[in-house]
Amino acid sequence: MWIDTHCHLDAAEFDADRDAVREAAHQAGVTRCVIPAVHAGHWPQVAQLAERHGDAYALGIHPLYVPQAQEADLLALDRALTERRDDPRLVAVGETGLDFFVPELCTPDMRERQWFFYTAQLKLAQKHGLPVILHVRRSADLLLKGLRQCRITSGIAHAFNGSHQQAQAFVDLGFALGFGGTLTYERSLQLRRLACELPLSAIVLETDAPDIPPQWLYQTAEQRALGAAQGRNSPAELPRIAQVLAGLRGVSLADLAAASTHNAQRVLPKLVPA
Ligand SMILES: [Zn+2]
């Protein structure tokens with residue numbers, strides 16, 4: 001039994017075959033997906049999708065959508081979190097965070113705007129008693145500062161790729177770190193080392209589908225130039241990604257499944273594993 005703690009099943013890449021994709025994941029043993037929303041326009045859809053497939057969802061504004069987001073979206077988020085308070089499938093605020101990799105998001109104005117939307121969402125998470133699902137890209141230290149300021153004590157730093165020290169700081173705050181397809185690349189030396197050094201209790205698994213294809217789905221620029229489509233990641237890949245991590249850590253797949261499921265439930269307390 002596996003939980004994909006970060007899967008964008010609402011993405012347009014799945015429009016043609018979403019139900020089949022979810023069913024394939026189910027067949028592969030993925031009993032739950034957590035579907036984080038990226039902007040206000042998708043909130044109803046992620047809730048409906050979670051309902052339809054027995055999954056869970058989060059509501060938030062992703063940093064990449066901060067340029068077009070409105071301050072009114074934060075009021076709408078507060079309202080949506082209130083209205084859906086009793087929905088057992090709503091397990092977190094997210095996807096929120098900070099992205100200091102994309103150049104357009106790194107201007108002084110945009111950095112400030114990202115910080116505004118991030119901390120506003122943290123305050124809503126605090127107000128509604130929910131954990132947060134964080135997008136971390138060259139932003140771990142500022143994310144941590146926000147979590148401390150807003151006294152957030154639970155959540156997931158998704159697709160984590162920072163230092164050991166930063167990882168430990170998230171763990172100390174009560175967070176788990178999400179690992180996925182990036183682990184499957186032999187050249188991910190630092191990340192692989194981190195995934196082995198951290199206590200198992202710090203780790204949750206995710207695909208970030210349709211993004212971050214594992215190594216076996218990846219097409220190089222040369223292959224793409226010859227007409228190969230970039231592999232679309234899907235939640236059914238989770239057990240195979242887990243197998244890579246189990247091999248690196250020298251634990252059995254069963255133990256990794258049990259531990260990662262337990263961890264996901266600890267940091268997302270409303271999540272029902274199966
Ligand atoms: Zn995401």
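Because the model is predicted, local features are reported at pLDDT of at least 70 and side-chain atom pairs at pLDDT 80 or more, while totals for chains, interfaces and linings use all residues. Residues are numbered from 1 along each chain as its sequence is written.

Helices (H or I, at least four residues) and strands (E, at least two) are DSSP runs, numbered from the N terminus. Eight strands form an open sheet in the order E1-E2-E3-E4-E5-E6-E7-E8, with parallel pairing, where two strands are taken to pair if DSSP finds at least two bridges between them. The edges are strand E1 (2-4) and strand E8 (203-205), each of which pairs on one side only, and the twist from one strand to the next averages 30°. Angles here and below run from 0 to 180 degrees between N-to-C directions, and axes are lines fitted to C-alpha atoms, for helices over the stretch in contact. Strands of a sheet pair through backbone hydrogen bonds, either parallel or antiparallel.

Two of the strand pairs can be described in detail. Strands E2 and E3 pair in the parallel sense over three bridges, and Val34 stands opposite Ala56 in E3. Within strand E3 (residues 56-59), Ala56 and Ala58 point one way, whereas Tyr57 and Leu59 point the other way, and all are buried; a residue counts as buried if 20 or more other C-beta atoms, placed from the backbone, lie within 10 Å of its own, as exposed if 12 or fewer do, and as partly exposed in between. Strand E5 (residues 132-137) and strand E6 (residues 155-158) also pair in the parallel sense, over four bridges, with His135 opposite His158 in E6.

Helices lie across this sheet. Helix H4 (residues 108-128) lies across strand E4 (90-99) and E5, and runs at about 160° to E4. Helix H9 (residues 238-249) lies across E1, strand E2 (30-36), strand E7 (175-179) and E8, and runs at about 105° to E1. Asp109 is found in helix H4 and counts as exposed, because it has 8 C-beta neighbours inside 10 Å. The C-alpha atoms of Asp109 and Ala221, 112 residues apart along the chain, are separated by 34 Å.

Two packed helices are described by the angle between their axes and the distance between the axes. Helix H3 (residues 71-83) packs with H4 at an angle of about 20°, with the axes 11 Å apart, and the two helices are therefore roughly parallel to each other; angles under 35 degrees count as roughly parallel, over 145 as roughly antiparallel, 65 to 115 as roughly perpendicular and the rest as oblique. The contact is made by Leu74, Leu77, Asp78 and Leu81 of H3 and by Ala120, Leu124 and His128 of H4, contact requiring that C-beta atoms, placed from the backbone, lie within 7 Å. By class, the contact of H3 with H4 has five nonpolar, one polar and one charged residues, where Ala, Val, Leu, Ile, Met, Phe, Trp, Tyr, Cys and Pro count as nonpolar, Asp, Glu, Lys and Arg as charged, and the others, Gly among them, as polar.

Helix H9 also packs with other helices. The axes of H9 and helix H10 (residues 253-267) come within 9 Å and cross at roughly 110°, which makes H9 roughly perpendicular to H10. Ala242, Gln243, Leu245 and Ala246 in H9 meet Leu253, Leu256 and Ala257 in H10, and the residues of this contact divide into six nonpolar, one polar and no charged. Helix H7 (residues 189-197) packs with H9 at about 70°, with the axes 9 Å apart, and H7 and H9 are therefore roughly perpendicular to each other. Arg192, Ala195 and Cys196 of H7 and Leu245, Leu248 and Arg249 of H9 make the contact, with four nonpolar, no polar and two charged residues.

Most residues other than glycine have a negative phi, and most peptide bonds are trans. In this model, a cis peptide bond joins Gly94 and Glu95, with omega about 15°, and Glu95 is found in strand E4. The peptide bond from Ala209 to Pro210 is also cis, with omega near 10°, and Pro210 lies in the loop between E8 and helix H8 (221-225). Asp208, in the loop between E8 and H8, has a positive phi of about 60° although it is not a glycine, and counts as buried because it has 23 C-beta neighbours inside 10 Å. Ile212, found in the loop between E8 and H8, has a positive phi near 45° and is buried, with 20 other C-beta atoms within 10 Å.

Note on methods
Two residues are in contact if their C-beta atoms, placed from the backbone, lie within 7 Å.
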